[in-house]
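Here is a friendly walk through one model, from helix packing to the sheet and the sulfur links. Have the viewer open as you read.

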Amino acid sequence: MKALVRGARPGPGGGWAMSWSVLLILALTGCGQGEEVTGPMGESTQDVSTPPLLVPSRLRAVWAPATRAQTAVSRLGCNAVLLQVESWSDDMTGYASWSRERGVGAIPYVGQCFEAPRGTWDGCWARVEAWSRPLRDAGVLWGYQGLDEPALHDWVSSGLRDLSNVYIRARGFDVFATEWIEYVTDRAGTRALGRPPGVRWYGVTCYAYGGRTPWHVQGCAEEYARHPDWDTVVIPEGHYNLAAGYPYDQARWEAIAGSTRSVAFWSVESE
């Protein structure tokens, strides 16, 4: 996946000289798993004006900015949007009203906060809270997506990935997590990472991307069958897969999900 945030992507900024291990252990110690939660986990630090929209047992989600979300939801029949932030100054009030009326939850992507040094996270999160406030007030905020496919980026360690997820959960929200296929399958032989601890949804990107990842749908189906903890199937409906020369068969991708897994579309509205 690409372009989860419109505009320039912040760099990692400086080195990670300090060790995160002690902080991570302390943070994880007081953290529950949240699998049985039916709304934003824990108690919010903000009052919620409207009772929360219940989270379905299976997501049918799509990555999209607010300006394209309505089209994507109608076209794909989605019950959630993995919101791409176009600008922190956007007023989300109108979108939140539509989302509540349509019964569509919101899971914004906020990984940009965690691509910068740890000392900047609180300031970035203040922008997240201000931007998300209409979604919380409308009762449609179901959680956040942290770092996207972090192992794909050499400067992101699994320790930083887990710490960023703990940061989100400590603020009372569930986490939607993703990873890149080569880094999670034990057939890759390099870095077979397990499911991140404490996340509610976990999807693995398994499809052709510009010739870099020559995975056919059958190979992806076999990997998902071997990994029941991959509970969300990422479906490549966008142009990236087509540009690599692989035909798109939505029915075959949805068959991987079956009746138990969630799905998340990387769609033409995502790009």
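## Ground rules

Contact here means heavy atoms within 4.5 Å. Helices (H or I, at least four residues) and strands (E, at least two) are DSSP runs, numbered from the N terminus.

The model is predicted, so local features need pLDDT of at least 70 and side-chain atom pairs count only at pLDDT 80 or more, while totals for chains, interfaces and linings use all residues. Residues are numbered from 1 along each chain as its sequence is written, and side-chain values use heavy atoms, with hydrogens and water left out.

## H2 against H3

Helix H2 (residues 66-76) packs on helix H3 (residues 93-102) at about 15°, and their axes are 11 Å apart. Axes are lines fitted to C-alpha atoms, for helices over the stretch in contact, with angles running from 0 to 180 degrees between N-to-C directions. H2 and H3 are therefore roughly parallel to each other; angles under 35 degrees count as roughly parallel, over 145 as roughly antiparallel, 65 to 115 as roughly perpendicular and the rest as oblique.

On the H2 side, Ala66, Ala69, Gln70, Val73 and Ser74 meet Tyr95, Trp98 and Arg102 of H3. This contact of H2 with H3 divides into 5 nonpolar, 2 polar and 1 charged residues. In this scheme Ala, Val, Leu, Ile, Met, Phe, Trp, Tyr, Cys and Pro are nonpolar, Asp, Glu, Lys and Arg are charged, and the others, Gly among them, are polar.

## H4 against H5

The axes of helix H4 (residues 121-137) and helix H5 (residues 158-170) come within 12 Å and cross at roughly 45°. H4 and H5 are therefore oblique to each other.

From H4, Trp121, Asp122 and Trp125 touch Leu160, Leu163, Ser164, Tyr167 and Ile168 in H5. By class, the contact of H4 with H5 holds 6 nonpolar, 1 polar and 1 charged residues.

## The sheet

An open sheet of 8 strands runs in the order E3-E2-E1-E8-E7-E6-E5-E4, with parallel pairing; two strands pair if DSSP finds at least two bridges between them. Its edge strands, each pairing on one side only, are E3 (105-106) and E4 (144-145).

Strand E7 (residues 232-236) pairs with strand E8 (residues 262-266) over 5 bridges in the parallel sense. Proline 236 has tryptophan 266 in E8 as its bridge partner.

## Disulfides

Counting pairs of cysteine sulfur atoms within 2.5 Å gives 2 disulfides. One of them joins cysteine 113 to cysteine 124, S to S 2.0 Å. The pair links distant parts of the chain, 11 residues apart: cysteine 113 lies in the loop between E3 and H4, and cysteine 124 in helix H4.
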